[in-house]
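Open the model in your viewer and keep the selection tool at hand.

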Amino acid sequence: MNATFLAQKLLTSRREGHSLPQAFYKDQSIFDLEMEILFGGEWLFAGHDCEIPEPGDFMVHRIGNLESIVIRGEDGAVRAFHNACRHRGSRICKAEHGTANRLVCPYHQWTYNLDGRLLFARDMGPDFDPSHYSLKSIGCESAGGYIFVCYGEQPRDFSTVRSRIEPYMRPHRLEDAKVAWQSSIIENGNWKLVWENNRECYHCSGSHPELCRTFTDSPTVTGVENGESDSLLQTHWKRCEAAGLPSAFYLDPTGQYRVMRTPLLRDTESFTMSGRSASAKPLGGIREPQIGSMLLFHYPTTWNHLLVDHALSFQVMPIGPQETQVTTKWLVHKDAVEGIDYDLSTLTEVWTATNDQDRTLVEQNQLGVNSPAYEPGPYSPIHENGVSQFVDWYCTAMEARLGTGDLLAEAG
Ligand code: FES
Ligand SMILES: [Fe+2]
């Protein structure tokens, strides 16, 4: 059975409110299909504006066999191009980050402008028209200091996403931030198990002693209820919104992204062992320290915490059916000085430990899912409605991209 038929059949027969059939977590052909139709068509988090602040600054985004150069042009705009030369296809940028005046292919030195136009190609004859050989661009959008790229031929309109999430992010002014530290870890688990683990805090009290000093495991925070029944949330939102910080729960109707601001425990300020801010220079000059965390997730590649003193971005990069890279970036105010305004180990301690604990949970989950004894199990309606919501988004997105099921009917 080919992957399309297999995926359609399993999506049709899956039990809602339950984990997915085994093949979704371990089958290479379904993974390849996801890479092609889901990751190949959705908006993907690529990095932060502040990582490429000047014209010519670039970073390379890679996922599966897709690769792009995300570069700031002379006009200040960020663009993204397939990292493939228009001559005979060589990869242009090997480096993950850098600064360039021009993009020069290392093979035969075809040379491109920062906006992708071919400037120079040696000895191509009198009929050669360079204007036909610009680098191929892909979708590239920026919102609240986050850059998203889309490899699909017809990227979905991004303006709604931007208009919904940017007001929540703007007060943190991440364009005036810098990456103080980043880590990339490999989790030997399917990317959906990484997400399922992220979308609940049912496991937090048993596994995350450092995080639980400050982060609530309340299901109204991790879940997808709108917080109406939670008076703590209501009070927090009123106080933050009065201080000019949009805070109330918003879940996009497609379920792909959510923003909301949650209080931290006992009026703590930040994800540190003491609960106090790790950086003395608040992001965006925010004056009120007890604003909690602004939570943003955007499937399938990023979840985030924006705090008063630092921000954490997480990037999910599937590598194989049972292998996922998770990159975490800790952002502080660009003028904050290490050793004076912040101490790196104080800043990174809680989430370095939490990531490692989550890695173990995901890897153990994968090993159990691989067992012949595995069958989809029920999600807790109280603690795991966020997981259920993620899985529903995934199934709906896959079904939409696979078509209406006609192929399945034809296959009999
Ligand atoms: S492949 Fe790039 S210049 Fe030849
Ligand atoms: Fe966790």
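Start with the largest nonpolar core, which has 97 residues; select Leu44, Ile69, Val70, Ile147, Phe148, Val149 and Ala311, the ones with the most contacts inside it. Such a core is a set of buried Ala, Val, Leu, Ile, Met, Phe, Trp, Tyr and Cys residues joined through C-beta atoms within 7 Å. Buried means that 20 or more other C-beta atoms lie within 10 Å of a residue's own, with C-beta atoms placed from the backbone. Helix 10 (residues 385–402) gives the most to this core, 6 residues. Helices (H or I, at least four residues) and strands (E, at least two) are DSSP runs, numbered from the N terminus. The core lies between domain 1 (44–150) and domain 2 (173–369), because both give residues to it; the domain bounds come from an automatic or database assignment.

This is a predicted model: local features need pLDDT of at least 70, side-chain atom pairs count only at pLDDT 80 or more, and totals for chains, interfaces and linings use all residues. Residues are numbered from 1 along each chain as its sequence is written, while chains are lettered from A and ligands numbered from 1 in the order in which they are written.

Finally, select helix 5 (residues 191–198): 7 of its 8 residues are buried, so the helix is largely enclosed by the rest of the structure. Trp191 and Trp195 are among the buried ones.

Conventions. A residue is buried if 20 or more other C-beta atoms lie within 10 Å of its own, exposed if 12 or fewer, and partly exposed in between; C-beta atoms are placed from the backbone.
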